[in-house]
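Please look over the sequence and the structure shown here before reading on.

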Amino acid sequence: MKAYNTMQIDFLSRSSNEGFARLAVAGFAAQLDPTLEELGDIKTAVSEAVTNAIVHAYPHSIGKIRICARLYENRLLELRIQDWGVGISDVEKARQPMYTTGGEERSGMGFTIMESFMDALRVRSAPGKGTTVVMKRKIAARGDEAL
């Protein structure tokens, strides 16, 4: 399946860029005319993925985060959030609710939230090499419209 439109943005792992990432993805996804609920779900999932990269991938430094977004003919939005930070040694453990490496102030619910708001979630990571989160969400057609 080939994407009919794509975008890519790179930004630094500063907490101030989390809102920018949300809005950039929301603007791109708007081409599919999502409902406000669908758009809110996408923005929340992006926030969680970007915040994970900011907090966990680069705990003591500033690094690069990349978002690649793709739109497919079947109204599918694919998002890839990538960092080149410390990586995750045990992805399955990290995906468990309440697990965190970020201290008491972190909820440990990032992956759980991403999974609940998107149709599919895949996480690949290697210690010292970074993490890639791929999320997919199909946007419901409204009325007679079809892509």
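The model described here is a predicted one. Its chain has 147 residues, and buried residues make up 44% of them. The secondary structure comes to 4 helices and 5 strands, and from the N terminus on these elements run in the order β-α-α-β-β-α-α-β-β.

**The chain as a whole**

- Among the contacts in the chain with a separation of 6 or more, 66% are accounted for by residues 24 or more positions apart.
- The accessible surface of the chain comes to about 7800 Å², and carbon and sulfur atoms hold 50% of that surface.

- Strand 2 and strand 3 run antiparallel and are joined by 8 bridges; R70, for instance, has E78 in strand 3 as its bridge partner.
- The bridge partner of A120 in strand 5 is K136.
- Strand 4 and strand 5 form a hairpin with 3 residues between them, and G128 in the turn has a positive phi of about 80 degrees.

**The nonpolar core**

- The largest nonpolar core holds 36 residues, of which I42, V50, I67, L79 and M135 touch the most other members. At least two residues of this core are supplied by each of strand 1, helix 1, helix 2, strand 2, strand 3, helix 4, strand 4 and strand 5. Helix 2 gives the most to this core, with 9 residues.
- V50, one of the residues that touch the most other core members, is in contact with F11, E18, A21, I65, I67 and I81 when residues up to four places away in sequence are not counted.

- Helix 4 spans residues 110–117, and its buried residues are G110, F111 and M114. Seen down the axis of helix 4, these buried residues fall within an arc of 95 degrees, so they line one face of the helix. As background, an α-helix has 3.6 residues a turn, so residues three or four places apart point the same way.
- D41 lies in helix 2. D41 counts as buried because its relative accessibility is 12%, which is under the 20% limit for a buried residue. Leaving aside neighbours within four places in sequence, D41 is in contact with F117 and R137.

**A residue of strand 2**

- K64 lies in strand 2, and with a relative accessible area of 34% this residue is partly exposed. Apart from neighbours within four places in sequence, K64 is in contact with D10, F11, Y58, Q82, D83 and W84.
- K64 and R14 are 50 residues apart in sequence, while their C-alpha atoms are 9.3 Å apart in space.

**Loop residues with positive phi**

- D33 is placed in the loop between helix 1 (17–29) and helix 2 (36–57). Phi of D33 is near 50 degrees, a positive value in a residue other than glycine, and at 36% relative accessibility D33 counts as partly exposed.
- R75 is found in the loop between strand 2 (64–72) and strand 3 (76–83). Phi of R75 is near 70 degrees, again a positive value in a residue other than glycine, and at 7% relative accessibility R75 counts as buried.

Terms used: Residues are numbered from 1 along each chain as its sequence is written. This is a predicted model: local features need pLDDT of at least 70, side-chain atom pairs count only at pLDDT 80 or more; totals for chains, interfaces and linings use all residues. Side-chain values use heavy atoms; hydrogens and water are left out. Buried means under 20% relative accessible area, exposed over 50%, partly exposed in between (1.4 Å probe, protein chains only). Contact means heavy atoms within 4.5 Å. Accessible areas come from the Shrake-Rupley method with a 1.4 Å probe; for residues, only the protein chains shown count as cover. The arc is that of the directions from the helix axis to the C-beta atoms. Two strands pair if DSSP finds at least two bridges between them. A nonpolar core is a set of buried Ala, Val, Leu, Ile, Met, Phe, Trp, Tyr and Cys residues joined through side-chain atoms within 4.5 Å.
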